[in-house]
Amino acid sequence: LKPGPYPAQYQGTFDLVYSFDVFVHMDLHEMRHTLHGVREVLKPGGLFFVSFANLLAPDGWRRFARQKHYSVGGFYFISPDIAKCLLQHAGFSVFKCSK
């Protein structure tokens, strides 16, 4: 995995990283790379709040079916299990997962 997307001076400097409606515009590979970068900039014990477009949510499939194809301006839908997998492989512990 290449170095994180953030400058070295930010490594281990943040208590909290908040990401809402950001990862919905990334494919799985970019999500993986960015999650590793977020992990690098957090202080030990730091917290990360993140949202993903949930394909299994009540409106998730309906929204997905309306898209003709993925684009950066659209949404990249994943399941909670895939989100947990990506987060755990990036070194995060998942405390709460909303459906």
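This is a predicted model: local features need pLDDT of at least 70, side-chain atom pairs count only at pLDDT 80 or more; totals for chains, interfaces and linings use all residues.

I found one formed by Leu-16, Tyr-18, Phe-20, Leu-47, Phe-49 and Phe-95. Together they have about 730 Å² of accessible area. Strands β1 (14-19) and β2 (42-50) each give two or more residues to the patch.

Tyr-18 has 57% relative accessibility, and the cut-off for exposed is over 50%. Therefore Tyr-18 counts as exposed.

Next I looked at Asp-21, in the loop between β1 and α1 (28-41). Its phi is near 60 degrees, a positive value in a residue other than glycine. Most residues other than glycine have a negative phi, so I noted it. Asp-21 is partly exposed, at 38% relative accessibility.

I searched the whole structure for aromatic pairs and got 9. Phe-48 and Phe-92 make a tilted pair, 5.1 Å centre to centre with 35 degrees between the planes. Phe-48 is in strand β2 and Phe-92 in the segment after α3 (80-89), so this pair ties together parts 44 residues apart in sequence.

Trp-61 is exposed at 51%, while Phe-64 is partly exposed at 35%.

Phe-23, Phe-48, Phe-52 and Phe-92 form one aromatic cluster. Last, I checked charges over rings. Arg-39 lies over the face of Phe-92, 5.6 Å from the ring centre. Arg-63 has its charged end over the ring of Phe-75, 4.4 Å from the centre.

Terms used: Residues are numbered from 1 along each chain as its sequence is written. Side-chain values use heavy atoms; hydrogens and water are left out. Patches are made of residues with over 30% relative accessible area and no salt bridge: like charges are joined within 9 Å, nonpolar side chains (Val, Leu, Ile, Met, Phe, Trp, Tyr) within 5 Å. Accessible areas come from the Shrake-Rupley method with a 1.4 Å probe; for residues, only the protein chains shown count as cover. A salt bridge is a side-chain nitrogen of Lys or Arg within 4 Å of a carboxyl oxygen of Asp or Glu. Helices (H or I, at least four residues) and strands (E, at least two) are DSSP runs, numbered from the N terminus. Buried means under 20% relative accessible area, exposed over 50%, partly exposed in between (1.4 Å probe, protein chains only). Rings of Phe, Tyr and Trp (its six-membered ring) pair if their centres lie within 6.5 Å; planes under 30 degrees apart count as stacked, over 60 as edge-to-face and the rest as tilted. A charge sits over a ring if NZ of Lys or CZ of Arg is within 6 Å of the ring centre and within 35 degrees of the ring normal.
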